[in-house]
Amino acid sequence: MMSYANSSVGSGSRTARRTFEFGRTYVVRPRGKHQATIVWLHGLGDNGSSCSQLLESLPLPNVKWICPTAPSRPVAMLGGFPCTAWFDVGELSENGPDDLEGLDASAAHISNLLSTEPSDVKLGVGGFSMGAAIALYSATCFAHGKYGNGNPYPVTLRAIVGLSGWLPGASNVRNRIEGSHEAVRRAASIPILLGHGLCDDVVPHTYGERSFHALSSAGFRNIVYKSYDGLGHYTVPKEMEEVCSWLNTRLGV
């Protein structure tokens, strides 16, 4: 278990703190030479174990997969019912309030897991549904060089995969990137793969398309969006084969 206490520092005033208790982390070790490490993030109510079972069957022998488990927390979308969630979400909306504290805590947990990897290993983040949302949020933090709370983002990401997800804070991402030449350079450099089923009735594919356009307009130029006819809110072998092919090409593994 790892916990993060997040607080925003005011002018001498004490602010509310929430502590996030992350669950168990599952690791799929590389069967070949360790060339890349990717943190893969599960969807709402799931855990790292089910991700690790899917990933260990992929033909990527030189990739180490780290599959953490989100904290259990009340989720507004579920009427306050507690389940594993990377952040709180009320409704899927670009204009809805984002749980910045929860987003930052999860992004920090991921970068902490990656920060101890060998320096010659390429690092990436991927995920499904809410996990994809955190992967895309991590991409914006990497490009900006900071978390949403202003703390420096400490690792260099080389690949992002988001399946059946959305981009939290989509309406602000362009403003975060455009103010800095370094941010523009990092945004242009990081490869991103988005995949979405056209029959997704949980996170409609329009959210994937909007995320693609929001990232593209903010300067994330190395981005691919793939849609899949007949696919609902789940993955299929064809999609995972394309993820593997894309990672092979982008990371040279």
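The model is predicted, so local features need pLDDT of at least 70, side-chain atom pairs count only at pLDDT 80 or more, and totals for chains, interfaces and linings use all residues. Residues are numbered from 1 along each chain as its sequence is written, and side-chain values use heavy atoms, with hydrogens and water left out.

**Cavities**

Let us start inside the protein. A cavity here is a set of points, on a 1 Å grid over the protein atoms alone, where a 1.4 Å probe fits but cannot get out; lining residues have an atom within 4 Å of a point. Grid points are joined across faces, edges and corners, and a volume is the space filled by probe spheres set on the points. The count comes to 3 cavities of 30 Å³ or more, and the largest cavity holds about 40 Å³ of space.

Its lining is made up of Leu136, Gly162, Ser164, Gly165, Trp166, Leu194, Gly195, His196, Gly208, Ser211 and Tyr225. Strand S10 (192-197) and helix H6 (205-217) are the elements that give two or more residues to this lining, and S10 has the largest share, with 3 residues. Helices (H or I, at least four residues) and strands (E, at least two) are DSSP runs, numbered from the N terminus. By class, the lining has 4 nonpolar, 7 polar and no charged residues; Ala, Val, Leu, Ile, Met, Phe, Trp, Tyr, Cys and Pro count as nonpolar, Asp, Glu, Lys and Arg as charged, and the others, Gly among them, as polar.

**Salt bridges**

Now to the charged side chains. The structure holds 6 salt bridges, each a side-chain nitrogen of Lys or Arg within 4 Å of a carboxyl oxygen of Asp or Glu. Here are some of them:

| Pair | N to O distance |
|---|---|
| Lys64 and Glu117 | 3.0 Å |
| Arg73 and Asp99 | 3.9 Å |
| Glu242 and Lys226 | 3.7 Å |

Lys64 and Glu117 are both buried, where buried means under 20% relative accessible area, exposed over 50%, and partly exposed in between (1.4 Å probe, protein chains only). Arg73 and Asp99 are buried too.

Finally, Glu182, Arg185 and Arg186 are linked in a network of salt bridges.

Notes: 1 Å grid on protein atoms, 1.4 Å probe; cavity = no way out; pocket = protein on both sides within 12 Å on 5 of 7 lines; lining within 4 Å.
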